[in-house]
Amino acid sequence: MTDKQFQRNITSVGLDVFVEFYLDYSNEALSTADVAKKILQSRGFTEKSCRSRTSHGRSIINHGRGIEGLQRAATSARVPTNQRKKAEKLIEKLQLG
(Lines give C-alpha, C1' and ligand atoms only; values in the text may rest on other atoms or scores of the structure.)
Protein backbone atom coordinates (compact mmCIF):
# COMPACT_ATOMS: atom_id res chain seq x y z
CA MET A 1 0.00 0.00 0.00
CA THR A 2 1.47 3.31 -1.04
CA ASP A 3 1.33 6.39 1.17
CA LYS A 4 -1.27 7.87 -1.17
CA GLN A 5 -3.45 4.75 -0.87
CA PHE A 6 -3.02 4.75 2.90
CA GLN A 7 -4.09 8.40 3.08
CA ARG A 8 -7.14 7.73 0.93
CA ASN A 9 -8.14 4.69 3.00
CA ILE A 10 -7.70 6.34 6.40
CA THR A 11 -9.65 9.37 5.18
CA SER A 12 -12.42 7.11 3.89
CA VAL A 13 -12.70 5.32 7.23
CA GLY A 14 -12.33 8.38 9.46
CA LEU A 15 -9.77 8.43 12.25
CA ASP A 16 -12.25 8.15 15.10
CA VAL A 17 -14.13 5.31 13.37
CA PHE A 18 -10.83 3.54 12.71
CA VAL A 19 -10.00 3.65 16.41
CA GLU A 20 -13.48 2.70 17.59
CA PHE A 21 -13.72 -0.35 15.33
CA TYR A 22 -10.03 -1.30 15.10
CA LEU A 23 -10.49 -4.58 16.97
CA ASP A 24 -13.48 -5.45 14.81
CA TYR A 25 -11.54 -4.70 11.61
CA SER A 26 -8.70 -6.91 12.76
CA ASN A 27 -10.98 -9.76 13.90
CA GLU A 28 -10.98 -12.24 11.02
CA ALA A 29 -13.83 -14.19 12.65
CA LEU A 30 -16.18 -11.27 11.95
CA SER A 31 -17.50 -10.93 8.42
CA THR A 32 -17.48 -7.61 6.61
CA ALA A 33 -21.28 -7.56 6.95
CA ASP A 34 -21.01 -8.09 10.74
CA VAL A 35 -18.59 -5.21 11.18
CA ALA A 36 -20.56 -2.96 8.84
CA LYS A 37 -23.70 -3.70 10.83
CA LYS A 38 -21.96 -2.70 14.08
CA ILE A 39 -20.88 0.60 12.51
CA LEU A 40 -24.37 1.19 11.14
CA GLN A 41 -25.94 0.65 14.55
CA SER A 42 -23.38 2.81 16.32
CA ARG A 43 -22.94 5.65 13.85
CA GLY A 44 -25.97 5.67 11.59
CA PHE A 45 -24.03 5.98 8.33
CA THR A 46 -25.57 4.45 5.23
CA GLU A 47 -25.13 0.71 4.78
CA LYS A 48 -22.91 1.27 1.73
CA SER A 49 -20.73 3.69 3.68
CA CYS A 50 -20.36 1.19 6.52
CA ARG A 51 -19.25 -1.55 4.11
CA SER A 52 -16.78 0.85 2.51
CA ARG A 53 -15.35 1.90 5.88
CA THR A 54 -14.98 -1.75 6.84
CA SER A 55 -13.22 -2.60 3.60
CA HIS A 56 -10.82 0.34 3.89
CA GLY A 57 -10.14 -0.29 7.58
CA ARG A 58 -9.33 -3.93 6.97
CA SER A 59 -7.12 -3.03 4.04
CA ILE A 60 -5.05 -0.70 6.23
CA ILE A 61 -4.55 -3.44 8.82
CA ASN A 62 -3.89 -6.17 6.23
CA HIS A 63 -1.16 -4.02 4.69
CA GLY A 64 0.57 -3.64 8.05
CA ARG A 65 -0.30 0.01 8.58
CA GLY A 66 -2.76 -0.33 11.45
CA ILE A 67 -0.44 1.12 14.08
CA GLU A 68 0.30 4.05 11.78
CA GLY A 69 -3.42 4.75 11.51
CA LEU A 70 -3.79 4.58 15.28
CA GLN A 71 -0.81 6.92 15.70
CA ARG A 72 -2.44 9.46 13.41
CA ALA A 73 -5.62 9.28 15.46
CA ALA A 74 -3.70 9.56 18.74
CA THR A 75 -2.09 12.82 17.62
CA SER A 76 -5.00 14.41 15.79
CA ALA A 77 -6.73 17.36 17.41
CA ARG A 78 -9.82 16.50 15.35
CA VAL A 79 -10.29 13.17 17.13
CA PRO A 80 -12.16 13.28 20.46
CA THR A 81 -9.95 12.93 23.54
CA ASN A 82 -11.46 9.60 24.58
CA GLN A 83 -10.73 8.13 21.13
CA ARG A 84 -7.15 9.49 21.21
CA LYS A 85 -6.61 7.77 24.55
CA LYS A 86 -8.11 4.55 23.21
CA ALA A 87 -5.75 4.77 20.22
CA GLU A 88 -2.77 5.16 22.57
CA LYS A 89 -3.84 2.10 24.57
CA LEU A 90 -4.28 0.03 21.40
CA ILE A 91 -0.84 1.09 20.15
CA GLU A 92 0.72 0.10 23.46
CA LYS A 93 -1.07 -3.25 23.44
CA LEU A 94 -0.07 -4.01 19.84
CA GLN A 95 3.57 -3.04 20.38
CA LEU A 96 3.84 -5.24 23.46
CA GLY A 97 2.61 -8.11 21.42
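How are α4 and α5 oriented relative to each other? Please take α5 as the part to look at, together with what packs around α5.

A: This is a predicted model, in which local features need pLDDT of at least 70 and side-chain atom pairs count only at pLDDT 80 or more, while totals for chains, interfaces and linings use all residues. Residues are numbered from 1 along each chain as its sequence is written, and side-chain values use heavy atoms, with hydrogens and water left out.

α4 and α5 are oblique to each other. Their axes are 8 Å apart and the packing angle is about 120 degrees. Axes here are lines fitted to C-alpha atoms, for helices over the stretch in contact, with angles running from 0 to 180 degrees between N-to-C directions. Angles under 35 degrees count as roughly parallel, over 145 as roughly antiparallel, 65 to 115 as roughly perpendicular, and the rest as oblique. The crossing of α4 and α5 is right-handed; a crossing has that hand if the near helix is turned clockwise from the far one by less than a right angle, and is left-handed if anticlockwise.

The helix α5 itself covers residues 47–62. Helices are DSSP runs of H or I with at least four residues, strands are runs of E with at least two, and both are numbered from the N terminus. With 16 residues at 1.5 Å a residue, α5 should span 22 Å, and its end C-alpha atoms are 22 Å apart, so the two values agree. The expected span is 1.5 Å times one less than the number of residues. Just after α5, glycine 64 has a positive phi of about 75 degrees.

Several residues of α5 are buried, namely Cys50, Arg53, Thr54, His56, Gly57, Arg58, Ile60 and Ile61. Buried means under 20% relative accessible area, exposed over 50%, and partly exposed in between, with a 1.4 Å probe and protein chains only. The buried residues pack against α1 (3–13), α2 (15–20), α3 (22–26), α4 (32–43) and α6 (66–75).

On the α4 side, Thr32, Val35, Ala36, Ile39 and Leu40 meet Glu47, Cys50, Arg51, Arg53, Thr54 and Arg58 of α5, where contact means heavy atoms within 4.5 Å. The residues of this contact divide into 5 nonpolar, 2 polar and 4 charged. Ala, Val, Leu, Ile, Met, Phe, Trp, Tyr, Cys and Pro count as nonpolar, Asp, Glu, Lys and Arg as charged, and the others, Gly among them, as polar.

α1 also packs on α5. Their axes come within 8 Å and cross at roughly 135 degrees, so α1 and α5 are oblique to each other. This crossing is left-handed. Phe6, Arg8, Asn9, Ile10, Ser12 and Val13 in α1 meet Arg53, His56, Gly57, Ser59 and Ile60 in α5. The residues of the α1 contact divide into 4 nonpolar, 5 polar and 2 charged.

Glycine 57, in α5, is buried with a relative accessible area of 0%. Apart from neighbours within four places in sequence, glycine 57 is in contact with Val13, Phe18 and Tyr25.

Arg58 is touched by aspartate 24, which also touches Leu30, Val35 and Lys38, not counting residues up to four places away in sequence. Aspartate 24 lies in α3 and is buried, with a relative accessible area of 12%.
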